Amino acid sequence: MPDSDTPLRPPLVLLADDQEWSSRSLESILGPNGYAVLRAYTGRQAMELVRTAQPDLLILDAKLPDLSGIEVCRLVRADPRFNATTPIVVTSSAPSERAQRIDAYVAGAWEYFGQPIDSEVLLHKLNTYMRSKRETDQVRSESFVDQATGLYTIRGLARRAHELGALAQRRHEPLACIAFAPDAPESGDTASQTAERSTVMTEWVGHIGEITRRVARTSDAVGRLGQTEFGIVAAETDATGALRLLDRLQGAIEALPTTDVGDAMGLSIRAGYCAASDAAASPVDAVEMLLRATATLRECRMDPGGARIRAFSASPPSSERQPPLSSASP
């Protein structure tokens, strides 16, 4: 990549192809030109790596052994956990055909390459895609409002946390920071189940503005922390109040009109929170409290069998973890 466009780290490319010769051919083009390559050999493996590795670019072979590259493209584009600005390229071991190219574009691919692949053209296009992605991501990160939900972005929520925290400190009032995300069990058995789960997650994110406006107070600040992660900075709220707020949030989700798919999957939330009974006496400020709540949420999401809601602790023993939300308790 040109020096002026080189990011701080090499762009990570997820290359999904079960044919060793074609994968090595693409790696021999990408590696020397500043790209790091992560390999997948099936469509399901590619989808899992998309969620865990968060690549900057996807290159999918049209004929993967389980799911076609076009189907994988369609599924990840429908998943709100996937960054919409990430380019997807579909390749084929056969010459490019018009119908296949159209199918790929409809599924959300940015380009479709058939054989023979012109390596110079491929690199120029990938470099252009990566410049576009970086610029778009930068604009989004600097914005205070998330366009999809109308809530604060991470940047905007951090700023409101600083303001609400300073006010709470002056008044010696309680303050709580909460991070939450949908919790839809993943069976991973079939492509249709994966597509259904993606649909449910998309609907949940689409409703989040409505949900939080119903549950949160006008004095609270609500923002989007990630593709499906959200945060609340709640003024005049201690740990008990944070649990009550999360209980109301769960109730609002359950009250939403859902599809049969959503009912079957038992959509609920996982959450982490950090609260202070007196913000002036807290050893950390509100922004750090928000970071701790987010870290606790992500720890919680990594432990599917554990409690769905936890308070921040550096190393919380299982006996001290918070119980599940009352609306979902056995």
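Start with the lining of the largest cavity in this predicted model: by class, the lining has five nonpolar, three polar and one charged residues. To see them, select Gly165, Gln169, Leu175, Ala279, Ser282, Val284, Asp285, Ala286 and Met289. Two elements each give two or more residues to this lining: helix H6 (154-171) and helix H10 (286-301).

Now look at the space itself. Rolling a probe the size of a water molecule over the atoms shows where empty space is left. How many cavities of 30 Å³ or more does a search of the whole structure find? The search finds one. The volume of the largest cavity is about 30 Å³.

Next stop: a helix pair. Select residues 43-53 for helix H2 and residues 69-78 for helix H3. Two packed helices are described by the angle between their axes and the distance between the axes. Here the axes of H2 and H3 come within 10 Å. They cross at roughly 25°. Angles under 35 degrees count as roughly parallel, so H2 and H3 are roughly parallel to each other. The crossing of H2 past H3 is right-handed.

Zoom in on the contact. From H2, show Gly43, Met47 and Val50. From H3, show Val72, Leu75 and Val76. Which classes do the residues of this contact divide into? Five are nonpolar, one is polar and none is charged.

How values were computed. Residues are numbered from 1 along each chain as its sequence is written. This is a predicted model: local features need pLDDT of at least 70, side-chain atom pairs count only at pLDDT 80 or more; totals for chains, interfaces and linings use all residues. Side-chain values use heavy atoms; hydrogens and water are left out. Axes are lines fitted to C-alpha atoms, for helices over the stretch in contact, and angles run from 0 to 180 degrees between N-to-C directions. Helices (H or I, at least four residues) and strands (E, at least two) are DSSP runs, numbered from the N terminus. Angles under 35 degrees count as roughly parallel, over 145 as roughly antiparallel, 65 to 115 as roughly perpendicular and the rest as oblique. A crossing is left-handed if the near helix is turned anticlockwise from the far one by less than a right angle, and right-handed if clockwise. Contact means heavy atoms within 4.5 Å. Ala, Val, Leu, Ile, Met, Phe, Trp, Tyr, Cys and Pro count as nonpolar, Asp, Glu, Lys and Arg as charged, and the others, Gly among them, as polar. On a 1 Å grid over the protein atoms alone, a cavity is a set of points where a 1.4 Å probe fits but cannot get out, and a pocket is an open set with protein on both sides within 12 Å along at least five of seven lines; lining residues have an atom within 4 Å of a point. Grid points are joined across faces, edges and corners, and a volume is the space filled by probe spheres set on the points.
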